[in-house]
Amino acid sequence: MPSFPSKRAAAFADIPDVKWHDWRWQLSHRLNSIQDFEKIIRLTDSEREALSQKGLFRVDITPYFASLMDPENPLDPIRKQIIPTAGEINPFIGEMDDSLAEDAHSPVPGLVHRYPDRVLMLVTTQCASYCRYCTRSRIVGDPTQSFRSKDFEAQLAYLRQTPQVRDVLLSGGDPLTLAPRVLERLLSALREIPHIEIVRIGSRVPVFMPQRVTDDLCEMLQRFHPLWLNIHVNHPNEITAELARACDQLSRVGIPLGNQSVLLAGVNDDPHIQRKLVHDLALIRVRPYYLYQCDLVAGVGHFRTPIGKGIEIIEALRGHTSGFAVPTYVVDAPGGGGKIPLNPNYLLSYSDHKVVLRNYEGYITTYEEPLDYEPIDPALVTPFIDEGLEPGQSGVFGLLKGEQMSIKPEGFDQLHKRGDKIHRLRADPEKWLPRGIEDNPSSKQSP
Ligand SMILES: *Cc1c(COP(=O)(O)O)cnc(C)c1O
């Protein structure tokens, strides 16, 4: 196995190994105050100011993860992810409380049903440590606001009655911080629902507290296959001997591992850093899955980059390195539109039988299309048509299939009935109607 460093801050040098490698010790010795941090790093004025603010998003960091920071460098990419700075306090244009409109998509508390066949299930508000750019800072971190068994019951009841859901993503908070028995009961209950094909866990526990990935945990998880797990690594410095060991153990019990990272100014907004990150992830058998544009939530203003930075990173990866190591760059649409993938343009032009394409090197080529293409015989497709799909969500694919001719923005039809009095009254007639045009009696319609 490739070797990665293992670090322990000088302040923890005397902690016996059995304690250091015990996740319970790591959880109960988290750092959260100016005094705690002063023992391991030299705080800047900006960090001090933020740490003494009231109402700050929760700070709590495992000794293991805190040890990965460079004690002297305020620009350290790990430090920036976990220690607040004054920049966090500044609001920015476009900031929202719930930028993904998750609450609006929740049929029951903690369950976000945004897509036709899969749901996000928030099972706790607690994490092993807290990321400064948390997209769910509106609920995460508050120990009095966690989900209880009656919430789980309501979530499970909804899932039992919703047969179109085939994929459940456990998130939060961090599902791997749940008491092992609670997590096990949840997984068992999900597995008893026949239409749920796969369960995914989104967790940063392997990164913040790899000690939690124990034989017992792996033994328990593997009883609930097919189970997938996405971890959250943003920078190559987070890849340590401990994380490599945890990922190896999870992979060995058959759990496919992916990584979701967030594009963060001053942390990983550079193609060289991203390239090293995806290569190191490949070494520990974790496949890069998504690279997220920062959501528009409070506290993240100083982490935001232009979207062009993400496209530049994909431009620098695609073709230049292993295809499976290139994540999909996505913007999670503000207002709740879901994830929107963004890519450089590779399609330059086309005619009725030729497509002009460019590759990562700028090489421009043509693909000659068939002139006698016949789509597959529908009889071969019929056995694969899924009758259980939720209607009304075919979207742009529905346009291609001819289900409808167009998709119209709200108010489109009203706006374009130019002869309609309703429209004239809606708009300010003095301002908007061409002078001398009389109301046309033949176009009068009831609203
Ligand atoms: C990200 C997300 C999913 C899963 O999306 P995939 O593209 O399938 O990984 C599901 N529901 C919600 C609300 C999400 O935000």
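Tutor: Start with Arg30, which is buried at a relative accessible area of 19%. Buried means under 20%, exposed over 50%, and partly exposed in between, with a 1.4 Å probe and protein chains only. The model is predicted: local features need pLDDT of at least 70, side-chain atom pairs need pLDDT 80 or more, and totals for chains, interfaces and linings use all residues. Numbering runs from 1 along each chain as its sequence is written, and side-chain values use heavy atoms, without hydrogens or water.

Arg30 forms a salt bridge with Asp60, at 3.9 Å from N to O. The rule asks for a side-chain nitrogen of Lys or Arg within 4 Å of a carboxyl oxygen of Asp or Glu. Asp60 sits in the loop between helix 4 and helix 5, Arg30 in the loop between helix 2 and helix 3, 30 residues apart. Helices (H or I, at least four residues) and strands (E, at least two) are DSSP runs, numbered from the N terminus. Asp60 is also buried, at 8%.

Now take Glu72 and Arg42, bridged at 2.3 Å, N to O. This pair joins the loop between helix 5 and helix 6 to the loop between helix 3 and helix 4. Arg42 is exposed, at 58%.

Further along, Glu315 meets Arg358 at 2.8 Å, N to O. Glu315 lies in helix 13 and Arg358 in strand 11, 43 residues apart. Glu315 is partly exposed at 26%, while Arg358 is buried at 17%.

Some bridges join up: Asp98, Glu102, Asp103, Arg136 and Arg138 are linked in a network.
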